[in-house]
Amino acid sequence: MYRSHNCGELRASHINTEVTLSGWVQKVRDKGFMIWVDLRDRYGITQLIFDEERTPESIMKQAQKLGREFVIQITGTVIERASKNPNIATGDIEILVKELNILNEAKLPPFTIEDETDGGDELRMKYRYLDIRRNPVKQNLILRHKVAQEVRRYLSSEDFIEVETPYLIKSTPEGARDFVVPSRMNEGQFYALPQSPQTFKQLLMVGGMDKYFQIVKCFRDEDLRADRQPEFTQIDCEMAFVEQEDILNTFEGLTRHLLKEINGIEVDKFPRMTYDEAMRKYGNDKPDIRFGMEFGELNAVTQHKDFKVFNSAELVVGIAVPGGNNFTRKEIDKLIDWVKRPQVGALGMVYCRCNEDGTFKSSVDKFYDQEDFTKWAEITGAKPGDLICILSGETNKVRAQLSALRMELGERLGLRKSNEFAPLWVIDFPLLEWDEETQRYHAMHHPFTSPKPGQLELLNTNPGEVKANAYDLVLNGNEIGGGSIRIHDKQTQSIMLEHLGFSPEEAKAQFGFLMDAFEYGAPPHGGIAFGLDRLVAILGGQETIRDFIAFPKNNAGRDIMIDAPAPIDNEQLNELHLKINSQS
């Protein structure tokens with residue numbers, strides 16, 4: 001037996017007990033006649049003491065060889081600690097060691113295995129197995145485990161059945177690029193890794209499994225950023241014989257359950273907001289409603305003077321920054337520089353100070369008077385002591401720019417508190433969105449999303465106005481789940497694919513198996529998929545997902561620990577009937 005207890009378990013009640021512990025050496029303090037070692041495992045840290053008066057000489061000599069991250073086993077007696085440490089659970093005791101077994105020596109780690117480490121992101125990813133020993137990463141992975149367990153517990157209590165679906169499937173157009181897998185046994189043909197189990201969960205509904213879920217890996221070959229990985233995990237769910245309200249109620253329940261069990265927080269309200277309202281008030285479809293700064297559209301009160309920037313704009317829109325009149329001119333200039341960064345793309349920013357005495361001071365004073373500024377304040381909800389920030393330009397672009405500024409200001413002003421949770425349903429999305437590059441409509445969600453009842457005919461006359469029977473669950477400014485009521489009959493699915501530019505032959509080749517299934521009694525059905533990685537990160541008080549994944553990829557999609565992707569040898573290429581096209 002390598003251990004009788006773990007390193008976070010022993011207390012004063014264990015004093016005079018003989019124990020065996022195993023773990024990693026966190027730290028060594030050698031005073032010559034006495035050596036203290038912090039021994040660490042997944043559960044905590046226990047202090048060991050080697051004392052030349054009470055420890056055998058051979059064991060003292062062994063202890064002098066110990067270094068950071070050595071793997072050791074000790075046997076000794078629990079004694080009261082002379083200098084207690086209230087910061088750790090085992091701080092009242094230490095182990096007087098009488099036996100020491102070095103199980104494995106260790107090289108000096110490339111970074112310190114501490115909560116605050118000196119290792120950069122790339123270095124820690126290269127040695128991820130060491131990074132996992134650090135408390136922050138370890139606790140993130142434990143949190144992920146707890147969330148997954150609670151998801152399974154809740155959905156199982158609601159009569160959902162967990163069903164696995166295949167990873168080697170057929171490539172279908174769902175927005176992002178597929179990862180493809182060549183087939184050795186079928187020359188010149190390829191599998192694709194699933195972007196989601198979408199068609200399979202619909203087929204499960206046809207098969208009569210009326211409540212399905214799966215915690216499943218999904219794959220998308222797309223450009224990466226801090227909160228996106230080429231492989232990610234979904235809590236994938238589908239229900240038959242349901243309408244939108246049934247799904248929203250069910251998954252409000254799951255979200256409440258997780259917030260209560262994981263964070264100890266009761267959330268009653270799940271407000272609902274249409275897509276159009278979210279874009280108008282917040283500039284994006286996943287607004288953070290923990291704080292205000294709602295948009296105020298200012299065209300009517302700005303486009304009557306000689307200020308050409310506003311007069312030529314499709315939209316003039318502003319926000320009131322609480323307490324922002326305290327910003328210095330230098331701080332405001334930095335904000336202007338911030339919105340002009342390529343990542344945001346604004347050409348500039350107009351501001352207006354709301355003074356405590358009710359007067360206003362603006363960067364466009366020579367074009368507007370105090371009466372104008374009063375109207376600006378009324379529309380944006382600005383109060384004395386606030387700062388009005390105004391952007392203008394093309395509607396969609398300027399909304400995105402002001403949304404980015406709003407979120408940045410919310411962060412700087414401490415309004416985005418990680419221990420506050422504000423869920424929100426966004427509903428009534430457009431069914432289709434126009435793509436200027438391809439000059440055709442694309443499905444905003446996916447081709448299987450049903451239009452709102454009674455709007456199917458609009459597809460022929462005004463497709464851009466058709467609303468989807470779709471919904472997103474937003475938490476703290478992040479989309480954590482999205483879904484829709486699905487099309488469940490062949491005729492409607494054919495019409496939808498036609499409007500997405502598929503010929504009947506293409507529709508048959510890509511989705512014939514699904515439309516054939518609809519002819520055998522498909523029930524009305526719908527579902528939702530939660531992004532597990534992002535959900536866990538938000539429950540853990542963060543927004544980037546990488547530290548909540550055991551072995552993540554970097555922003556280039558590489559696993560730098562195992563050096564993947566990597567070339568394969570010619571023998572494998574020949575077996576797969578592949579030839580590498582070298583480009584000079």
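Me: What should I know about the model before I start?
Reply: It's predicted, so local features need pLDDT of at least 70 and side-chain atom pairs count only at pLDDT 80 or more, while totals for chains, interfaces and linings use all residues. Residues are numbered from 1 along each chain as its sequence is written, and side-chain values use heavy atoms, with hydrogens and water left out.

Me: OK, the sheet. What's the strand order?
Reply: The order is β6-β9-β10-β22-β21-β20-β17-β11, in an open sheet of eight strands with mixed pairing. Strands here are DSSP runs of E, at least two residues, and helices are runs of H or I, at least four, numbered from the N terminus. Two strands pair if DSSP finds at least two bridges between them.

Me: Which strands sit at the edges?
Reply: β6 (161-162) and β11 (272-274), and each of them pairs on one side only.

Me: How do β17 and β20 pair, parallel or antiparallel?
Reply: Antiparallel, over five bridges, with β17 covering residues 423-427 and β20 covering 470-475. Within that pairing, Trp425 has Leu473 in β20 as its bridge partner.

Me: Which helices pack on the sheet?
Reply: Helix α4 (residues 135-157) does, touching β6, β9 (211-219) and β10 (231-240), and its direction makes about 150° with that of β9. Helix α6 (residues 244-263) packs on the sheet too, touching β10, β11, β17, β20, β21 (478-485) and β22 (525-531), at about 30° to the direction of β22. Those angles run from 0 to 180 degrees between N-to-C directions, using lines fitted to C-alpha atoms, for helices over the stretch in contact.

Me: Back to Trp425. What does it touch?
Reply: Leaving out residues up to four places away in sequence, its contacts include Leu248, Phe251, Phe270, Met273, Tyr471, Leu473 and Ile528. Contact means heavy atoms within 4.5 Å.

Me: How many residues are in the largest nonpolar core?
Reply: 40, and Trp425 is among those with the most contacts inside it, along with Val147, Leu155, Phe251 and Phe530. A second, separate core has 25 residues, including Met293, Ile332, Val398 and Met407. A nonpolar core is a set of buried Ala, Val, Leu, Ile, Met, Phe, Trp, Tyr and Cys residues joined through side-chain atoms within 4.5 Å. Buried means under 20% relative accessible area, exposed over 50%, partly exposed in between (1.4 Å probe, protein chains only).

Me: Where is Met293, and what's its phi?
Reply: Met293 is in the loop between α7 (275-282) and β12 (296-297), with phi near 55°. It counts as buried because its relative accessibility is 7%. Most residues other than glycine have a negative phi, and most peptide bonds are trans.

Me: Which residues does the cis peptide bond join?
Reply: Ala564 and Pro565, with omega about 5°. Pro565 lies in the loop between α16 (532-539) and α17 (570-575). Asp563 lies in the loop between α16 and α17 as well, and its phi is positive, near 60°.

Me: Why does Asp563 count as partly exposed?
Reply: Because its relative accessibility is 48%.
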